[in-house]
Amino acid sequence: MENNSASLPVLNISSYKFVGLPDCHALRETLLAHAQALELKGTVLLAEEGINLFLAGPGEKVRAWVDALKQDERFADLAPKESWSAAVPFKKLLVKVKGEIIRMNHPAIRPDALPRAPALPAATLARWLDQGHDDEGRPVVTLDTRNAFEVDYGTFENAIDWRIDKFSEFPAAVQAHRKDLLGKTIVSFCTGGIRCEKAAIYLQQQGLDGPVYQLEGGILKYFEETGGPHYQGSCFVFDQREALDAGLAPATEIARPASEAHRAKAADSAH
């Protein structure tokens with residue numbers, strides 16, 4: 001996405017990748033030093049299972065940081081999602097090593113070591129929702145894997161929402177509602193795709209009788225590539241913009257602003 005307005009000088013990027021990082025502690029020092037030198041703000045999470053990042057700053061500086069990161073062959077195919085804002089939506093820079101880059105508390109689910117669940121392109125989901133079924137004639141359900149307060153900002157029409165408070169509750173919710181998923185094509189989705197990497201693998205392991213997909217790039221990629229048909233409301237994001245509309249601009253009408261407690265919980269467990 002190009003910056004077409006001089007009034008929007010700040011480039012915001014988000015990206016993740018599940019890849020084995022046994023050197024995550026040493027990598028933290030390198031990434032932190034480079035981001036500090038470029039005066040970027042945001043959060044970079046590292047774990048042995050991969051990287052999850054949200055950064056903002058002048059476009060040339062953000063892209064310089066990404067270009068340097070991609071010199072490491074493990075990140076060569078990283079393709080951050082981009083949006084522009086008038087101001088930096090982060091107060092500080094954090095580069096942290098954690099146990100998981102997205103906390104599920106289910107150690108057997110390691111996307112860096114397991115085959116990836118099939119990813120569904122945004123355009124295909126929009127077409128399936130238009131026609132009311134997948135290409136095999138099966139009913140399609142969209143499964144929201146986000147926290148309940150995020151769903152309250154917006155979600156797909158008729159999406160399944162189990163009102164979980166944190167992503168680590170997702171496996172138990174699947175077990176409690178398993179019968180609701182039988183006989184259907186399941187498309188799991190979240191903000192940017194990271195939660196669905198784990199959610200879709202977990203769903204695949206449950207022996208359901210229909211195919212399981214993850215929405216490629218999450219809601220934000222769906223907005224970027226389709227304009228948001230069949231989605232109602234805005235999408236909560238993990239910075240001071242709070243929520244984005246289908247044009248990837250800060251939403252002018254917020255249905256339910258997040259409390260600081262919600263923000264802290266989301267930042268810790270739901271990117």
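## The largest cavity

Strand β1 gives the most to the lining of the largest cavity, with five residues; strands here (E, at least two residues) and helices (H or I, at least four) are DSSP runs, numbered from the N terminus. This is a predicted model, in which local features need pLDDT of at least 70 and side-chain atom pairs count only at pLDDT 80 or more, while totals for chains, interfaces and linings use all residues. Residues are numbered from 1 along each chain as its sequence is written, and side-chain values use heavy atoms, with hydrogens and water left out.

Rolling a probe the size of a water molecule over the atoms shows where empty space is left. On a 1 Å grid over the protein atoms alone, a cavity is a set of points where a 1.4 Å probe fits but cannot get out, and lining residues have an atom within 4 Å of a point. A search of the whole structure finds two cavities of 30 Å³ or more, and the largest cavity holds about 290 Å³ of space, where grid points are joined across faces, edges and corners and a volume is the space filled by probe spheres set on the points. Its lining has 26 residues, with Ile13, Ser14, Phe54, Lys81 and Leu220 nearest the centre. The elements that give two or more residues to this lining are β1, β3, β4 and α7.

By class, the lining of the largest cavity divides into 12 nonpolar, nine polar and five charged residues; Ala, Val, Leu, Ile, Met, Phe, Trp, Tyr, Cys and Pro count as nonpolar, Asp, Glu, Lys and Arg as charged, and the others, Gly among them, as polar.

## The five-stranded sheet

An open sheet of five strands, with mixed pairing, has the order β4-β1-β3-β2-β5. β4 (81-85) and β5 (93-97) stand at the edges with a single partner strand each, so one side of each has no neighbour in the sheet. Two strands pair if DSSP finds at least two bridges between them.

Strand β3 is joined to β1 by nine bridges, the two running antiparallel, and Phe18 has Gly50 in β3 as its bridge partner. β3 also pairs with β2 in the antiparallel sense, over seven bridges, and these two strands form a hairpin with two residues between them. Eight of the nine residues of β3 are buried (under 20% relative accessible area, with exposed over 50% and partly exposed in between, for a 1.4 Å probe and protein chains only), so β3 is largely enclosed by the rest of the structure.

Val44 stands opposite Val95 in β5, and the bridge partner of Val44 in β3 is Leu53.

## Two helices

Helix α1 (residues 24-37) lies across β2, β3 (50-58) and β5, running at about 170 degrees to β5; contact means heavy atoms within 4.5 Å, and axes are lines fitted to C-alpha atoms, for helices over the stretch in contact, with angles from 0 to 180 degrees between N-to-C directions.

In helix α7 (residues 218-226), the buried residues are Gly218, Ile219, Leu220, Tyr222 and Phe223. After α7 comes Gly227, whose phi is positive, near 85 degrees.

How values were computed. On a 1 Å grid over the protein atoms alone, a cavity is a set of points where a 1.4 Å probe fits but cannot get out, and a pocket is an open set with protein on both sides within 12 Å along at least five of seven lines; lining residues have an atom within 4 Å of a point.
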